Amino acid sequence: VLHELAHQWFGDSLTPRAWRDIWLNEGFARYAEALWLEHTEGRAAMLEFMQLIGPARDPDLFAGEGTLAAPDPDQLLSLLVYNKGAWVLHLLRNQIGDDAFFRFLHDYATSPALAHGSVETADMVAAASAAAGEDLAPFFTPWLTTAQAPSIGVAYAPRTVDGHDLRVVVEQYGEVFFPLMVPVRVYSGGIATDHRVRCDQRRIVVTLPAAGPVDSLRVDPEGWLLWRAPPP
């Protein structure tokens, strides 16, 4: 019921201009299911749902299923446009943060220039960029136009001999580069500290503070990204 109600905005009021934009219907309505779970059952339930329609269902992370920007005309309503479409929004939320993300949803759905009319993916990207205050086309392009997902490797070491700060190297592998905000959780003396590393290049080196000697580090501990570890 929630999915179909969401279509009153994403599908009925904002009607895709062409079949290639069908993910704007189904991806938004599917992510509305996740948002409703978050509202009624909490953040953990939402994150579990996203895993169930993403990596848990498709360990290849939608590879080989086609692209959102040009879905197979014989399979326009395949699970790709539902589940990967929802994941693109989940990734966007991580990329720009909750304040900008929910401002985007509101402004996109109620825009006088778009509401009760037809839209295409470029309109959505423009609305998201306006809410975030930056051009998000580089972020969206690889998710919409390729069937790939990034491989992310992380290495870390104390920055100084007697200090607790960490020198962290985040490196992305593969043919396609995905600009990403990478969540990193540092464990130190039983204390977990969350950080976000903006990766706008294939190799990023940052210094992260730690409360004490570092026990371990985890990438994307909650599950906001579609990614895999690099091959050994």
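**Pockets and cavity of a predicted model**

User: Which residues lie nearest the centre of the largest pocket?

Analyst: In this predicted model, the largest pocket has 13 lining residues. Those nearest its centre are Ala6, Phe10, Ala32, Leu35 and Leu105.

User: Which element gives the most to the lining of the largest pocket?

Analyst: Elements with two or more residues in this lining are α1 (2-6), α2 (23-41) and α5 (98-110). With five residues, the element that gives the most is α2.

User: How many charged residues does the lining of the second largest pocket have?

Analyst: The second largest pocket holds about 240 Å³ of space. Its lining comprises 15 residues, and Arg43, Asn94, Arg196, Glu222 and Trp224 are the closest to its centre. By class, three lining residues are nonpolar and four are polar, while the number that are charged is eight.

User: Which strand gives the most to the lining of the second largest pocket?

Analyst: At least two lining residues come from each of α4 (79-96), β5 (180-188) and β6 (191-199). The greatest contribution, three residues, is from β6.

User: What is the volume of the largest cavity, and which strand gives the most to its lining?

Analyst: The search of the whole structure finds one cavity of 30 Å³ or more. Ile152, Val170, Glu171, Gln172, Cys199, Gln201 and Arg202 form the lining of the largest cavity, with three nonpolar, two polar and two charged residues by class. The volume is about 30 Å³, and the strand that gives the most, with three residues, is β4 (residues 166-173).

Technical notes:
Residues numbered from 1 in each chain as written. Predicted model: local features only at pLDDT ≥ 70, side-chain atom pairs only at ≥ 80, totals over all residues. Heavy atoms only, no water. 1 Å grid on protein atoms, 1.4 Å probe; cavity = no way out; pocket = protein on both sides within 12 Å on 5 of 7 lines; lining within 4 Å. Points joined across faces, edges and corners; volume = space filled by probe spheres on them. Helix = DSSP H or I, 4+ residues; strand = E, 2+ residues; numbered from the N terminus. Nonpolar A, V, L, I, M, F, W, Y, C, P; charged D, E, K, R; others polar.
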